[in-house]
Amino acid sequence: MGADPSLSGAGKVKFDEKQKWSTSTSHIVYHFGTSGLAVAMATAITHPLDVLKVRLQMQLAGQRGPLTGMGQLFVQLLKNEGPKSLYLGLTPALMRSVLYGGLRLGLYEPSKNACDWAFGSTNILLKIASGAFAGATATALTNPTEVLKVRLQMNSTLRQGGPIAEMRRLISEEGITALWKGVGPAMARAAALTASQLATYDESKRILMTRTPLEEGFHLHLISSTVAGIVSTFITAPVDMVKTRLMLQQESIKLGSYKNGFHCAYQVARTEGPRALYKGGFAVFARLGPQSAITFIFCEKLRKLAGLDAI
């Protein structure tokens, strides 16, 4: 029995319309714009935890000893440098969020669709590969903003000049390549973060929608993003530590001997103990957990308002 020509025509029109919408300028702007805006919102809310994370990761660099906890460090920071110190590096952080966040989340879906086209599947391994590609690419392009952010977070005396003055100083004293310090570990971290975060979120949503009464909405997004935050923290905390140490080598004479990410990880584990790779780990989770939830909840809402499909 032949197919109904009218149905065939309707299906073709629908497919063409979807194809046109998926490649239109407005769709691209909405797709990357909602991702960048969602990450920027999450960054603005959780930035103080990022400052604490960087300070914790730089504790007792090159030596062993008792570490200051996040609560105590928070009190010391307020007492010695004032409340504004909790927002050191916020400008480059927001700039990075819009660019890096927009690319990191925005490239995931096209990468996943490309895998579906090439392999006829979007299983968990291909989701992980798509996330890794999106994260690594986004970081390679936006690494200078991350370098500026951690430099400003670590030194409150740089606050007066701002990110532009610090960038000029960095280029004049260390060369333009200094803006890509730590880019290898940063790409590895972003690849691991995006792969674990987005693939876990995507897969958690699929499983929850299949095996529970949950549907697209706040509760589904909250649970899935929380699971994603836990998984991504465990996987990325050591890489995040290595990235921070490499980007801040000039801040300490003892840190000037790291040759690359692997050497840095080895030196940290040898001189400070293996557990040192998780310095600031609680701060990483305290930031990444809420940031994951805020990012995905906002992103899903913004995508809905923009007429886009859910992640």
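## Helix H2

The expected span of a helix is taken as 1.5 Å times one less than its number of residues. In this predicted model, helix H2 covers residues 25-57, which is 33 residues. A straight helix of that kind would reach 48 Å, but the end C-alpha atoms of H2 are only 42 Å apart.

## Aromatic pairs and a charge over a ring

The count of aromatic pairs comes to 2. In the pair formed by tyrosine 201 and phenylalanine 296, the ring centres are 3.9 Å apart and the planes meet at 5°, so the pair is stacked; the cut-off for stacking is under 30 degrees. Tyrosine 201 belongs to helix H8 (residues 183-211) and phenylalanine 296 to helix H11 (residues 281-305), so the pair ties together parts that are 95 residues apart in sequence.

Tyrosine 201 has 0% relative accessibility and therefore counts as buried. Phenylalanine 296, at 1% relative accessibility, also counts as buried.

Elsewhere, arginine 96 lies over the face of tyrosine 100, at 3.9 Å from the ring centre.

## The second largest pocket

The second largest pocket has a volume of about 210 Å³. Its lining consists of Glu216, Gly217, Phe218, His221, Ile297, Glu300, Lys301, Lys304, Leu308, Asp309 and Ala310.

Helix H9 (218-247) and H11 each contribute at least two residues to this lining. H11 gives the most, with 4 residues.

Terms used:
Residues are numbered from 1 along each chain as its sequence is written. This is a predicted model: local features need pLDDT of at least 70, side-chain atom pairs count only at pLDDT 80 or more; totals for chains, interfaces and linings use all residues. Side-chain values use heavy atoms; hydrogens and water are left out. Rings of Phe, Tyr and Trp (its six-membered ring) pair if their centres lie within 6.5 Å; planes under 30 degrees apart count as stacked, over 60 as edge-to-face and the rest as tilted. Buried means under 20% relative accessible area, exposed over 50%, partly exposed in between (1.4 Å probe, protein chains only). A charge sits over a ring if NZ of Lys or CZ of Arg is within 6 Å of the ring centre and within 35 degrees of the ring normal. On a 1 Å grid over the protein atoms alone, a cavity is a set of points where a 1.4 Å probe fits but cannot get out, and a pocket is an open set with protein on both sides within 12 Å along at least five of seven lines; lining residues have an atom within 4 Å of a point. Grid points are joined across faces, edges and corners, and a volume is the space filled by probe spheres set on the points.
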